[in-house]
Each structure stands twice: as C-alpha cells, then as structure tokens.
Amino acid sequence: MAGTSKEHRLSQHVYATLQTLSCSLVEGLYLREAESMQELLCTPSQHRTDILAWICSSICPSLTKKLPSLRSKGPNSLSQELLVFGQEMMLCRTDDLDLITGQACPLRQLCFMEQLLTLVPGSVGPSGDSRAGGEGLLKELFCPEALPHLRQALTPTLNPWPSDIRGASKGQRSLPSKPRGEEVAGVTALLESTHTALEQLHDQCVFLRGEEASPSRFSVCALRVAVSDLAQMMSVFSRVYDTDFSSYCSRDPPSLRSHTHIFSAVHRLLTACNTELEVLRQVSEVSVCLSDTVNEVHSDPSYWRHGHRHTLSTQLEDLTKRYTEFLSLHHG
C-alpha cells in the first residue's frame, strides 16, 4: 500500500507538472484519478512515448528537428534516441530500454520522468520551488543558515598540529600527556617520513619533472596519458558525429587503431611542415635585411667622384641629365 501511495503521488505530480508546462499531449484529458494518470504515464503506448519525447525535446530543443526522421524510421529508433539522451543526462543506463518503452515498474518510470521534468526550464519541484536556472539550489546555498558552511567550503583550513601545540603557540597552557622531548621527536620523525614519501612519489611521477632536468628523456607515462585522452576525445567525437553529422557525411567516423604507420606518417608530415616554416621564416628575415640595405643605399649619401657626397637617387638623376645633354650635343 505504501508503494502504491507513492506511485499515486508521483503520478499526480508528474501529470500536474506537464499541465503547468502547457504540454499539448495532456490538454483536454481532464484526468482526476491517480490510477488514470498512472495508466497514462506508465502503460506502453505511442501517447506515452510522445510525452517522453516532448519532455526530452523541451530540455534539448535541437532534438525537436530529429524527431520526425526518427518517427519515420520506426518506434525502435525513437526509443533508442531517447535512451541515449537519458544516458547523456546521467539518469539511466544503456540497458534501461524498459524505462523508455514503459515496461519497467511504475515507480521507476515515474521517478525517471520526474527527474527529467526537473531539467525542463520553468518546471516546479515537488515542494513547489522553481528549478529553472538552479534558483532553488542558490536559495539553499545562500540562506543565512547555510552561509557559515558555504564560507568554510570555499576557504577550507587544515591545521596538522596537535591541539596542545596550537595552544602553546597561542600562549595557552596545556598539560601534555607525553614529555615535550618525546613529542617533538615524534613530530620530527613524522615530518621526515612524510618528506621521504613525497620524494618517492615525485620520482615516480615522471610528468612532474621539468624539461630542463631531462630534456631528451622519453616519457612512456606521458604517452600513455596522451593516448588515453585521445581515445576519450575520439569516442566523444564519434558520439557527436553519429547524432549530429552522420546525415551530412557518408564517411565513417575515425577510430583509434593499433597501427603505428599513421603516427609515423603524421610525425613525418609535421617535421616537413616545421622545416618549411623555418625556411619561410629565414626567407622573411633575409628579405627584411635586403629591404633595409636597399633603403639605406637609396637614402644615405655616399662619396662619389670629386669628393662630393650624394644619394643614389641624386647621382642617378645627375647621370641621366648628363647623358641627355651628351645626346643633344652629339645630334646637334
């Protein structure tokens, strides 16, 4: 009876939330009994699937464009897409298809729908507080009762010294249970063992060492971390490619293989690219130097014949003038 009562309360809350959000799929139903609401929300039907698709598209509006094509492919395609969406929202697992199709127990289905509805903008929680934009969470965090805990969480403090040592540092008197010499020796031994453990840990973490200490050392751990990050990024990209880009491109998404010739080819191409960039940089530097030299020759005066200083342009004009005069005299 207790389980049935909880299912009825959840059914009424989910149905009321759908009405508050102006869901067109529940308009005109006028359900009054909790059993009827539970039957609508938990019995496998196309109407229930459409309600679940409406909730998901309200959370992610980009999903609305994909719904017609998914419905044309069949009910399984739509159910699989809604399952993937629920998994991305971290509300279900990959094997929870029964939550989407309505074959799970009513309590699980209703809890799943309630959690989805809390993510819809403008939704209202069971206690009546608005969940949009995390206002309810902000109110709880910044209420006067929670402010001391919030400040402590934002500025945590850790004092490793015993209470009697802290009291002695503040001028308070305390009666230690051990002699002062033994206590100091114990603290010293603890600090030395901690320092030794930190040094051993630092030696094991190769990626913490600077490039100056080992400039030519190859780090297998760093490569393993890089390959792991690459695999995760490629899996995420494959997921985004399958959901958003597969309809625009006929090629398969890239996959991580164990062949090394791909990395060798990429390394060779990158090396060639770096060489060409270095050559272009040197050519640019030489061009700048030549331009400066030419400008200097044109602008700076130099000694020519008869001990006179002239710029190159002035000397060229003078030579041109003399040559013109020579031609005029020769033809005349």
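Helices here are DSSP runs of H or I with at least four residues, numbered from the N terminus. That convention gives the names used in the legends below, and the model they describe is a predicted one.

**Figure 1. The whole chain, as a setting for the close-ups.** Welcome to the overview: the chain holds 14 helices and 2 strands. Of its 332 residues, 22% are buried. The accessible surface comes to about 24,400 Å², and carbon and sulfur atoms account for 59% of that area. Looking at contacts between residues at least 6 apart in sequence, 46% join residues at least 24 apart.

Figure 2. A search of the whole structure turns up 1 aromatic pair. The ring centres of F237 and Y241 lie 6.2 Å apart with the planes at 35°, so the pair is tilted; stacked would call for planes under 30 degrees apart, and edge-to-face for over 60. Both residues belong to helix α12 (residues 220-245), and because they are 4 residues apart there, about one helical turn separates them. How exposed is each partner? F237 has 41% relative accessibility and counts as partly exposed, since that class runs between 20% and 50%. Y241 has a relative accessible area of 9% and is buried, because buried means under 20%.

**Figure 3. V120, a buried residue in a loop.** Here we turn to the loop between α7 (106-117) and α8 (135-141), where V120 is found. With a relative accessible area of 4%, V120 is buried. Which residues does V120 touch, leaving aside those up to four places away in sequence? They are L21, I55, S58 and I59. C60 makes a handy reference point too: its C-alpha atom is 8.7 Å from that of V120, although the two residues are 60 apart along the chain.

Figure 4. Helix α5 covers residues 75-88, which is 14 residues. From its first C-alpha to its last, α5 reaches 20 Å, close to the 20 Å expected at 1.5 Å a residue. Have a look at the buried residues of α5: they are L78, S79, E81, L82, L83, F85 and G86. After α5 comes M90, and the phi of M90 is positive, near 60°.

Definitions and conventions. Residues are numbered from 1 along each chain as its sequence is written. This is a predicted model: local features need pLDDT of at least 70, side-chain atom pairs count only at pLDDT 80 or more; totals for chains, interfaces and linings use all residues. Side-chain values use heavy atoms; hydrogens and water are left out. Buried means under 20% relative accessible area, exposed over 50%, partly exposed in between (1.4 Å probe, protein chains only). Contact means heavy atoms within 4.5 Å. Rings of Phe, Tyr and Trp (its six-membered ring) pair if their centres lie within 6.5 Å; planes under 30 degrees apart count as stacked, over 60 as edge-to-face and the rest as tilted. The expected span of a helix is 1.5 Å times one less than its number of residues. Accessible areas come from the Shrake-Rupley method with a 1.4 Å probe; for residues, only the protein chains shown count as cover.
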